[in-house]
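Subject: Structure for you to look at

Hello,

Here is the structure I promised to pass on. Please open it first, then read the notes below next to it.

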Amino acid sequence: MRLNTSAPPRRTTTPLPFVLAAVLLLVGGLLLALPERAGAAADVLISQGRPATSSSVEDSTFGPEKAFDGVSTTRWASTEGVDPQWIKVDLGPSATVSRVKLVWEAAYAKAYRVEISADGTTWTRLATETAGNGATDDWTGLTGQGRYLRVYGTARGTSYGYSLYSVEAYGTTGGTTTPPTTPPTTPPPGSFTVVAAGDIAAQCTASSSSCAHPKTAALAQRIAPSFYLTMGDNQYDDALLSDFRNYYDKSWGAFKAKTRPVPGNHETYDPAGPLAGYKSYFGAIAYPQGKSYYSYDQGNWHFVALDSNSFDDAAQIQWLKDDLARNTKGCIAAYFHHPLYSSGGHGNDPVSKPVWQILYGAKADLVLNGHDHHYERFAPQNPSGQATADGIVEIVGGMGGAEPYDIETVQPNSQKRISGTYGVLKLDLTDTTYTWQYVGTDDQVKDSGPTYTCH
């Protein structure tokens, strides 16, 4: 049904056995229809190429953007065997939707809703299907206004997942809306968002309800940051290439190209050699400078990605000193696996102290770690663990999917600790400041950090 309209939407469905006949008829039909439809300004495709997100992906080759790329052979596919699932597109402010056309793959929805929202939180239903049979569903006669359009599947038509070759929304953009009562807030200069987590892919998939890394991946994708970074132990237990492909790739692999990883101790356990599977899977993404450690810039931030498995390697230490000496950015963040300070089961790891001393001398602002499977934030402190305003803020974010660890010995300067709740760090950075939230897989903020000014 359609809400807030005088007549229900109309759905034209084309079941699979009739697709070929429909294609043959389409050529002649288009030729006849072109003159009449040329003036149908309200029936313009407005969704193609727009930013898209989804609740999950089967693997990195079936991302939500594939349903909006205008290519008939590419598709979005959700995780198999799980209800509900959704795919969402950002149509831009003030879009009005009059028609939605869905082209299903063999993994179709038996029951689903087409919904629209102004803010991505509160949804209005445009159409409901309870007896879908796949192929093409063409909903016409819709009346909806908002920024986000979502197809929300509640019952699969097969034992697989949900898969759409295309989601086409037709209508207009730039329609009339009620003007805001206050001027829009201008983002601070250089604003961007990063999602971070460590200790991620246990040997399980979304077919298991207790498997956490598909849920943290879906959360990370919903946040839609500028890029993602990981703090090691990306794949359990021995980080084999086959395990990366079977587990990590089916969750966090959906945004592999936008990920800047570092290795953890589990990446060293590969029988083929330390970091062999990690290097084979990530390739130049993890080795952009030919080493397992590297740096890059975003805005006024300098990021340093380090391999804490080899902090005793003089070459890495010298590289770090040289890299920081060349840095011209006003804010510095470093990330690696082993935390100098932690209240979890592994506890403090002195292997990281020499690196902290170098970072502290360079006036670094933020250090991100994994290894202990919990969330924890510390007040600014120096390498000796003394609280100081010019110190480094450390965050442990090891809740990406591995089994949680208990909090054991609370360390000085520890301000907040959460164990047992899977989630990711959402870091909000500007040219001069940074803050963050720890967000659970239920989309709820579990902790918010203070806003710090860069040194």
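A polar contact here is a pair of N or O atoms within 3.5 Å; within protein, one of the two must be able to donate a hydrogen and the other to accept it. Such a contact is found at the start of helix α5, where a side-chain oxygen of D313 comes to within 3.0 Å of the backbone nitrogen of A315. Please keep in mind that this is a predicted model.

Helix α5

The helix runs over residues 314-326. Its 13 residues, at 1.5 Å a residue, should span 18 Å, and the C-alpha atoms at its ends are 18 Å apart, so expectation and model agree.

Which residues of α5 are buried? They are Q316, I317, W319, L320, D323 and L324. Around the axis they cover an arc of only 160°, which means that they lie on the same side of α5. A314, A325 and R326, on the other side of the helix, are exposed. The buried residues of α5 pack against three strands, β14 (294-298), β15 (301-305) and β16 (331-335), and against helix α6 (353-361).

Aromatic rings

A pair of aromatic rings is described by the distance of the centres and the angle of the planes. The count for this model comes to 25 aromatic pairs. One of them is Y281 with F282: the ring centres are 4.9 Å apart and the planes stand at 80°, over the 60 degrees that counts as edge-to-face, so the pair is put in that class. Both Y281 and F282 are buried.

Another pair is Y341 with W356, with centres 6.0 Å apart and planes at 90°, so this pair is edge-to-face as well. It links distant parts of the chain, 15 residues apart: Y341 is in the loop between β16 and α6, while W356 belongs to helix α6. Y341 has a relative accessible area of 12% and is therefore buried, the limit being under 20%. W356 also counts as buried because its relative accessibility is 0%.

Ring pairs also join F192, F227, Y294, Y296, W301, F303, Y434, W436 and Y452 into a cluster.

Charges over rings

F227, a member of that cluster, has R260 over its face, at 4.3 Å from the ring centre. Elsewhere, the charged end of R99 sits over the ring of Y170, 4.3 Å from the centre of that ring.

Regards

Technical notes: Residues numbered from 1 in each chain as written. Predicted model: local features only at pLDDT ≥ 70, side-chain atom pairs only at ≥ 80, totals over all residues. Heavy atoms only, no water. Helix = DSSP H or I, 4+ residues; strand = E, 2+ residues; numbered from the N terminus. Expected span 1.5 Å × (residues − 1). Buried < 20%, exposed > 50% of the residue type's maximum accessible area, 1.4 Å probe, protein only. Arc of directions from axis to C-beta. Contact = heavy atoms within 4.5 Å. Phe/Tyr/Trp six-rings, centres within 6.5 Å; stacked < 30°, edge-to-face > 60°. Lys NZ or Arg CZ within 6 Å of the ring centre and 35° of its normal.
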